Amino acid sequence: MADLFDYLRQFNLLSVVVRLLAAMLFGGMLGIDRAKKGRAAGFRTHILICLGATMTTATSQYMYLVMRYPISMSRMGAQVIAGVSFIGAGAIIMTKWRRVRGLTTAAGLWVVAIVGLCCGAGFYEGAAYATFLVLVAEVFFSKLEFRVLRGMREVTVYAEYARPSCLEEIVTRCHMLGVKIVDLEITRKGEDNSCAVLALQSRRGTGREEVLQTLAGIEGVLTVVET
């Protein structure tokens, strides 16, 4: 087995084919979880990025070992990391409730590019281990995080109201429920409707549904949703 890996680390046609197949496999494994969750950067995107990074490293080796160009084999790989950062930035958005979305997807694209560089360099073990650990983080740790946070007594609420006095009533109702306002940000203030994002923390274990229903029942409050 060790001799086989040593042979596949050499630069030849068979090793290049194996590296591309490994990139397709690992990239697809990392992208399938994003695809299941309905992310725009899903199965095919991860495969393409991983394949591109693999070909970049393989091309660097070809230019240095076969064409005998006096270049650094690591230079093109470094440009991949910088280039993928632009793609990852496109996956990050800010919702109308002032919440950031897409950070995990962007980080996944960055990691899958590095996995591709590992495949292109013939570092199959590192690519396999990294793929396994990323899958553990995305699949199992996300479930663990959900279970841990589900029992927390914190909630972030987006509220849209018709007049400024409604915000005072929202604050009053929160105090009546025993809910502490940790943070308050007015995202839009206009003549017609205003919007605010409130980070709330329950002191007496008041449920989320009770908080949302109470705030939604205030006269002049148009929308109350948990973000």
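Predicted model: local features only at pLDDT ≥ 70, side-chain atom pairs only at ≥ 80, totals over all residues.

**Notes on cysteines, cores and overall layout**

1. Let me start with C118, which is buried at a relative accessible area of 16%; buried here means under 20%, exposed over 50%, and partly exposed in between, with a 1.4 Å probe and protein chains only.

2. Residues are numbered from 1 along each chain as its sequence is written, and side-chain values use heavy atoms, leaving out hydrogens and water.

3. How many disulfides does a search of the whole structure find? The count is zero, taking a disulfide as a pair of cysteine sulfur atoms within 2.5 Å. C118 has its closest cysteine sulfur in C119, 6.9 Å away, so the gap is too far for a bond. For C119 the closest cysteine sulfur belongs to C50, and at 5.0 Å that is also too far for a bond.

4. C119 comes up again in the largest nonpolar core, where C119 and V115 touch the most other members out of 22 residues. Such a core is a set of buried Ala, Val, Leu, Ile, Met, Phe, Trp, Tyr and Cys residues joined through side-chain atoms within 4.5 Å. At least two residues each come from α2 (13-36), α3 (43-66), α4 (75-91), α5 (103-121) and α6 (124-150), and α5 gives the most, with seven. Another core lies apart from this one; it has 19 residues, including V155, V157, A159 and L200.

5. Leaving aside residues up to four places away in sequence, V115 touches F26, L30, C50, A127, A130 and T131; contact means heavy atoms within 4.5 Å.

6. Please also look at S15, which sits in helix α2. S15 is buried, with a relative accessible area of 0%. With residues up to four places away in sequence not counted, S15 touches L8, Q10 and Y124.

7. For the overall picture, the protein has eight helices and six strands; these are DSSP runs numbered from the N terminus, helices being H or I of at least four residues and strands E of at least two. Of the 227 residues, 37% are buried. Among contacts with a separation of 6 or more, 65% join residues 24 or more positions apart.
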